[in-house]
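Please consult the sequence and the structure below while reading.

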Amino acid sequence: MPEQAPTEHTPEIPLGSWLADLSDEQLIELLEFRPDLAQPPPGSIAALAARAQARQSVKAATDDLDFLRLAVLDALLVLQADTAPLPIAKLLSLIGDRAGEADVTDALADLKKRALVWGDSAVRVAADTGTALPWHPGQVTLEDGTRTGEQIAELIAGLDEARREVLEKLLEGSPMGRTRDAAPGAPPDRPVPRLLAAGLLRRVDADTVILPRQVGQVLRGEEPGPMRLSTPDPVVSTTTAGDVDAAAAGAVVDLLREIDLLLQNLSATPVPELRSGGLGVREIKRLAKTTGIDEPRLGLILEVVAAAGLIASGMPEPLPSHGEGPYWAPTPAADRFTAMSAAERWHLLAQTWLDLPGRPALIGSRGPDAKPYGALSDSLFSTAAPLDRRLLLDMLAELPAGAGVDAATASAALIWRRPRWARRLQPGPVADLLNEAHTLGLVGRGALSAPGRALRDAGDPAVVIEAMTRALPKPIDHFLVQADLTVVAPGPLHRELADQLATVATVESAGAAMVYRVSEQSVRHALDVGKTRDWMHGFFASHSKTPVPQGLTYLIDDVARRHGQLRIGMAASFVRCEDPALLAQAVAAAGDLQLRALAPTVAVSPAPIAEVLAALRNAGFAPAAEDSTGAIVDVRPRGARVPAPNQRRPYRPAPRPNSETLHAVVAVLRKVTAAPFGNIRVDPAVAMSLLQRAIKDEATVLIGYLDAAGVATQRVVSPVVIRGGQLVAFDSSSGKLREFAIHRITSVMSVDDG
């Protein structure tokens, strides 16, 4: 790193003194930015300062910083602000025209609010700040951002083995390397001077080189970036907000229809769970084939409906005849779900996806251990996934209404916002997030929809549901019957009308305009569930905007005339028919049902009614089931249900101290004497900070120590290392290395001060 040029003496400003001069409001703001500093409450300003400089706390504080703020920290470390106060003018001079002075000043002010930087005209940073950067200190400040990733990749592809080996060593270990070949006069034919000339290495001084950050990213197979200190513009398309909402609403209509299909399929045929958990590849393929949903989309839907509690693993009732269980099947919540409005169902699904602690896009791929990721398995678990989804929605919410992004531009913008998350925010994973957001209707045409914006704002659920209600097309109360016996629904039907149409017609084509087909089987199904010929004639006549084709009228009359001539009841079951000849044919064709004629028009069977119905239908008859009053009833088996499971706890950010708690913490800090010595025992966090500074400076210190018997002593020691809560130090009185428990150290001061 370049050494700081000598300047006039700038007094050292300890962080504790700087914090003590802040107002109560500023201290509260600091604790809001860095809640870990208040948990547990620090005992003094000195303890707060020590905790704020601790490695883990600094790392946590930099987790949500953008590229500009991290670059400012990088520049401060290059200028050695971790060892001495640095005039702000030097920082502005080093960054130069890579960022505007106002932007750098604002970033510096934000870093001060977080106590990552402190001071006024001259500033300092914590000694462990370098460990919190997602790159080696200096890799951003000392890099050349003029080359694109393609140009860097082309240069790397042309390297010989010797030069490639130099880069690989710096990539695997520290990006800083010491070599005599770094000097300007080194032989130009050696690997290091050639890499320096090509811009694939940068010279720090005559003995040191550094691997540029972007070169390392290309070597790891990542997209290089961020390139600039200014915020990138991710917008690639612009449309109207209405078009965005229309596209999102269309996606929601398709999603709800597919979920209905999935729940019906799992209700009729529960799917066995693998011993290792989740669903097998064969079951996923079967579900995809029977529902018509492609496998990646099906994986997403399964994960969302499972997290929403609509399906679960267990022993369903009735118990399936195949497999040994447990099985994946709908829960009672699925019945309540189908009774909700479309907007209410969407809200449940969208909120579930936003909080889903898993990555459905991994289903079907293989992990580092070469094992496949299975649907509904714990292998998909990720606590970071909800953070990435919220970051995406936050970025989209800041764009103008109708401004759309694609995976590449969104990835670049997200990585600029969170450089520490760069590996999770590459174009591939971001494309998966965008696809899922489109499927759930939070995004349309690459832009945030109005319902998605309402959900992101986490307001009243009623407001979110109302936003989707406005976006969804208004339900219609009519359809168009065609001459070929197809029924076209030019929009979403009212729920009751859609359910009625589904009893007498089957879906032939799904989409914005649903197409149904009326057939002999569908008419028979309507008659089986209790619909009459007159009801069907009236239903089509009252709801069709086109004249009812004569062919449909004839079909309904013909099927109804033959339907129900055979009546099946309970004996276990009975069959009755007004036509003795037809009943005789049925008895003859019944096979193993053991039908026995009791009269010319009545026969009985020990078989259950469902078996008698199925056998006679397979034999070509059209029987109908009736109850004790003679009315036709629906005796189809009810779908399987499993008990509602204990839901996986949804992702929630770690609780933060409330305003009242923070005011109380600050009030205590103001009252406590700041002196770390005397009668007040030093906070362990303060002790560790002072001892780490002594280790770094190779200094000798005087410590107060309570031994196991409670006897207080003072020791002059030279700290070597801190590990496992113990200080390893050279004790001058015994001339040996000794271990001291940190929690027994009562004071730490310089020997010179003592």
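The points that follow treat the cavities and then a group of paired strands. The model is predicted. It contains 2 cavities of 30 Å³ or more, and strand S17 pairs with both S15 and S16.

**The largest cavity**

- The volume of the largest cavity is about 80 Å³.
- Its lining consists of Glu143, Asp144, Arg147, Ile152, Gly199, Pro212, Gln214 and Val215.
- By residue class, this lining comprises 3 nonpolar, 2 polar and 3 charged residues.

**The second largest cavity**

- The second largest cavity holds about 50 Å³ of space.
- Ala71, Ala75, Ile95, Arg98, Val140, Thr141 and Leu229 form the lining of the second largest cavity.
- In the lining of the second largest cavity, 5 residues are nonpolar, 1 is polar and 1 is charged.

**Strand S17 and its partners**

- Strand S15 covers residues 486-489 and strand S17 covers residues 514-517; the two run antiparallel and are joined by 4 bridges.
- Strand S16, residues 506-509, also pairs with S17 in the antiparallel sense, here over 3 bridges.
- Tyr516 of S17 stands opposite Val487, and Tyr516 is also the bridge partner of Val507.

**A point to check in the structure**

- Which residue in S17 is the bridge partner of Val507? That residue is Tyr516, which Val487 likewise faces.

Definitions and conventions: Residues numbered from 1 in each chain as written. Predicted model: local features only at pLDDT ≥ 70, side-chain atom pairs only at ≥ 80, totals over all residues. Heavy atoms only, no water. 1 Å grid on protein atoms, 1.4 Å probe; cavity = no way out; pocket = protein on both sides within 12 Å on 5 of 7 lines; lining within 4 Å. Points joined across faces, edges and corners; volume = space filled by probe spheres on them. Nonpolar A, V, L, I, M, F, W, Y, C, P; charged D, E, K, R; others polar. Pairing = 2+ DSSP bridges.
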